[in-house]
Amino acid sequence: MPPVKKRTALTTMLLMYSQANGLGKAMATAIEVRHLRKIFRTHERGAGLLDAAKSLFFRKYKTIHALKNVSLKVSEGEILGLIGPNGAGKSTLIKAMCGTLFPTSGSVNCLGFEPWRERVKYVANIGAVFGPKSLLWWDLPAIDTFEFLRELYDVPKEEFGKRLKKIITLLDIADVSKKPVRDLSLGERMKCNLACALLHNPKLVFLDEPTIGVDLVSKDKIRKYILEVNKEFGTTFVITTHDMTDIENLCKRIVIINKGEIIYDGLLEKIKSRYVKTKHLKVKLASPGKKFLLAGCKVELQNDYALTIEINLRNVSIESVVQYLLKNFKAADITITNPPIEEIIKEIYRK
Amino acid sequence: MSFEFGAMKLGIKEALAWKFSLMLWIVISIVSIGAYYLLWSAIYGLSGQSLIAGYSFRELMTYFVMSEIVQTLTWNNVIMDLSQKIRRGSLITQLVRPVEFLHFDFWQHIGNRVMQFWIYCAPMVLVGVLLFGLKFTGWANLLLFTITAVLAVVLNFVLSALVGLGAFWMTEYHGIRWVYMGFHSIFSGFVFPLTFFPQFWQKIFSFLPFQYTIFVPIQTYAGKYGLLSVLGNMLIQLAWIIVLMIAITLIWRRAMKQFSAAGG
Amino acid sequence: MLRWLRLWKNWASLELASQMAYKWNFFLKFFGAITFGVIGPLIAILIYTNSKGIPGWSFEQFLLLTGLFSLASGLSAFFSMPMTFHTIEKVREGDYDVDLVRPMRPLSYALATSTDLDQLAEILVGISVIAYVMPKLGLQLAAANIAASLLLLLMAVVFFLSLNIIIAAFAFLFVKTYALIDLFYEVAKVGKNPITAYGKTGSLLLTYVFPVGLAAFYPAQALFGVLSLAEILKLSLIALGFLAFAITLWELGIRKYQSAGG
């Protein structure tokens with residue numbers, strides 16, 4: 001390895017070590033989770049007619065270990081990405097940090113509060129968006145809901161007005177916020193939801209899938225908004241998402257959770273360089289071409305109109321693949337995607 | 001036949017999913033009729049007469065029990081379902097003729113009703129007999145009642161379907177639904193036997209389809225009509241069903257013409 | 001307290017604006033609710049035109065019960081019905097966390113964000129019936145009577161409010177709650193009739209255990225001037241006790257939701 005790369009790896013390791021031990025720049029801790037455990041007990045409901053009749057008399061109980069010994073620290077001003085497959089425990093962890101869920105054992109400390117113990121007081125300092133569910137009045141413009149929230153969080157009118165103006169500009173919802181919410185697209189609604197979460201200047205914000213189902217332009221605006229708010233107000237963000245582009249644009253540090261356990265807690269760069277070894281290339285062909293043949297590339301699909309290739313980054317670079325593609329094919333559209341998070345997690349798990 | 005059967009199976013499953021609610025309804029009905037039982041004991045006691053509005057105490061109790069049973073049997077959620085489908089602009093409504101469109105819903109409803117009968121109505125009959133003196137009025141009346149009851153289920157379905165179609169012309173439909181349900185509960189005889197109303201009102205009720213969904217079946221069971229009248233009532237039920245189906249078809253065509261172009 | 005009122009006012013005006021977006025629908029709902037509200041007085045009319053009525057109660061007196069019941073249940077539902085339904089819905093969808101992240105005790109918040117304008121019809125029916133019947137009753141109304149009946153009317157509202165809170169609490173404690181709602185309301189409806197019609201045991205149960213006698217019977221008795229001060233205070237205490245029970249159940253429910261997730 002050339003000496004430069006070696007040094008960077010060393011520096012990275014030192015950084016991680018120092019972060020883990022609270023050395024270096026004295027960053028205040030926004031969230032500290034220690035050995036958090038959460039167990040749910042549910043009963044199974046059968047699917048068919050016979051099961052439905054059976055459940056009249058018998059009930060099978062199931063124990064679900066949603067969180068198994070989770071420990072985590074988040075510094076003030078961080079934007080943390082929390083990723084994992086569905087059912088991994090992301091929402092459970094977020095709910096525990098919001099104070100809406102009692103843990104089975106372990107401790108959580110957010111902004112100096114034990115979230116569920118002093119929930120009403122604590123919650124005045126946080127904002128939360130749980131997916132596409134919203135507080136927004138369906139038949140009224142978002143601005144009415146904003147005013148309601150001002151009352152709820154007891155924010156003085158002037159301070160609120162200034163902050164609202166800034167948020168509206170950042171999210172570009174000046175016109176949107178005056179239209180009835182039912183007339184808005186999903187992207188516009190999400191932007192209004194995000195505005196709702198930050199109107200009262202919370203120190204800590206939880207975003208659960210903030211860009212799911214949202215169009216690309218709005219996604220971009222939302223990401224820029226989060227970065228701006230983080231920069232200007234020092235707001236700490238904890239974001240769960242399935243969208244790797246969200247993570248790449250927003251988070252320096254990510255936590256991967258799978259089956260109730262944290263399997264990775266560290267810098268994004270490290271994961272990318274260590275684990276993202278393949279990329280998928282999807283091509284729309286303007287005209288059929290010859291058989292795709294290139295070392296380090298596995299052809300998953302090829303017909304007269306489309307081409308899907310899995311690229312092994314260890315053996316070949318994206319640039320060379322694209323060069324080969326453009327030299328030998330007439331491409332109408334090219335999309336390069338990362339492998340789904342499940343694959344990355346499987347990789348990590350194997351290690 | 002498998003299409004209808006499949007729809008029925010879905011209706012049966014649907015009813016089973018709500019089995020606890022349905023069984024709880026038996027308790028609710030007991031409370032409701034029980035309150036009436038105590039109240040009317042006192043009223044009959046004070047009145048000193050054995051008949052009030054032509055009903056003996058036992059007959060009146062029979063009416064209230066049958067009212068709950070028949071109401072549950074003939075009830076449907078079609079107005080809600082239909083208005084929601086129309087509001088959402090489901091593609092189905094634009095491509096399919098109303099008979100086909102409602103065909104599935106109808107058979108699913110029948111499946112649901114079959115289950116309702118076993119989960120609610122049958123136990124309720126037992127409750128009625130044990131607690132409230134529900135009278136058995138003979139096999140002939142039972143048979144005639146069964147026929148009128150089945151017709152009543154169909155009639156109520158078609159009636160609701162017609163009302164539900166109004167959702168094409170209104171953005172929010174709860175208002176109309178409430179008004180309809182309010183009048184229906186009075187005019188059908190669910191709240192009170194129609195014979196308690198002044199003659200003038202009874203005349204009006206007889207021109208409307210509502211009384212044929214609850215009042216007439218119960219009276220048939222109670223044997224209050226001669227055979228000819230019973231058959232006449234069945235014909236009227238059939239006539240209403242046909243008239244309403246024609247109305248549905250016509251209104252549907254109108255709605256399609258008006259809204260298909262706009263894209264719903 | 002002031003903050004709660006401001007919040008309630010804000011929400012109520014949003015609710016009004018939202019309903020007004022569909023004017024026709026709102027008026028039709030109002031008309032529909034009036035139709036349902038009329039069923040109570042209608043039953044009274046049908047009973048008294050076909051028989052001598054209920055022992056010890058004249059037509060006007062019985063009608064008064066109907067009016068009082070509508071008024072009290074309407075007033076309570078105006079403030080608390082949406083709370084009950086929204087709680088049930090949100091718990092079913094696992095959505096209640098959004099409400100728990102608000103800087104207000106969940107019950108206060110739930111009630112502040114709960115206004116049911118359709119209940120205005122019920123309230124109107126109640127007031128109309130009472131207004132119609134009062135002059136016909138020929139009661140000697142001293143200030144004490146009026147004060148007592150207003151107090152007991154308030155306790156009637158407290159009773160219905162407690163009912164709604166209990167049902168909402170059941171959403172947390174049990175899963176399939178829709179039928180339970182109907183059960184509670186059906187049992188509450190027995191309060192439309194004089195509880196003396198239910199026999200000695202019935203009256204006792206309906207005064208002390210499930211105090212639906214508070215809904216209409218006792219306010220009527222206060223108007224007739226037959227209740228002593230001690231009885232009035234006792235009844236008020238029962239109402240407040242019922243409310244305390246309801247709130248305790250709610251708190252239990254919230255705790256269960258927080259430990260069991262969604």
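Tutor: A:Asp154 is found in the loop between helix 5 (142–152) and helix 6 (157–171) of chain A; helices (H or I, at least four residues) and strands (E, at least two) are DSSP runs, numbered from the N terminus. The model is predicted, with local features requiring pLDDT of at least 70 and side-chain atom pairs pLDDT 80 or more, while totals for chains, interfaces and linings use all residues. Residues are numbered from 1 along each chain as its sequence is written, and chains are lettered from A and ligands numbered from 1 in the order in which they are written.

The phi of A:Asp154 is near 55°, a positive value in a residue other than glycine. Most residues other than glycine have a negative phi. A:Asp154 is partly exposed, because 14 other C-beta atoms lie within 10 Å; a residue is buried at 20 or more such atoms, exposed at 12 or fewer, and partly exposed in between, with C-beta atoms placed from the backbone.

A:Glu209 also has a positive phi, near 55°. A:Glu209 lies in the loop between strand 6 (204–208) and helix 8 (216–233) of chain A. With 20 other C-beta atoms within 10 Å, A:Glu209 is therefore buried.

In chain B, a positive phi, near 75°, belongs to B:Gly48, which follows helix 2. The buried residues of helix 2 of chain B include B:Leu22, B:Trp25 and B:Ile43.
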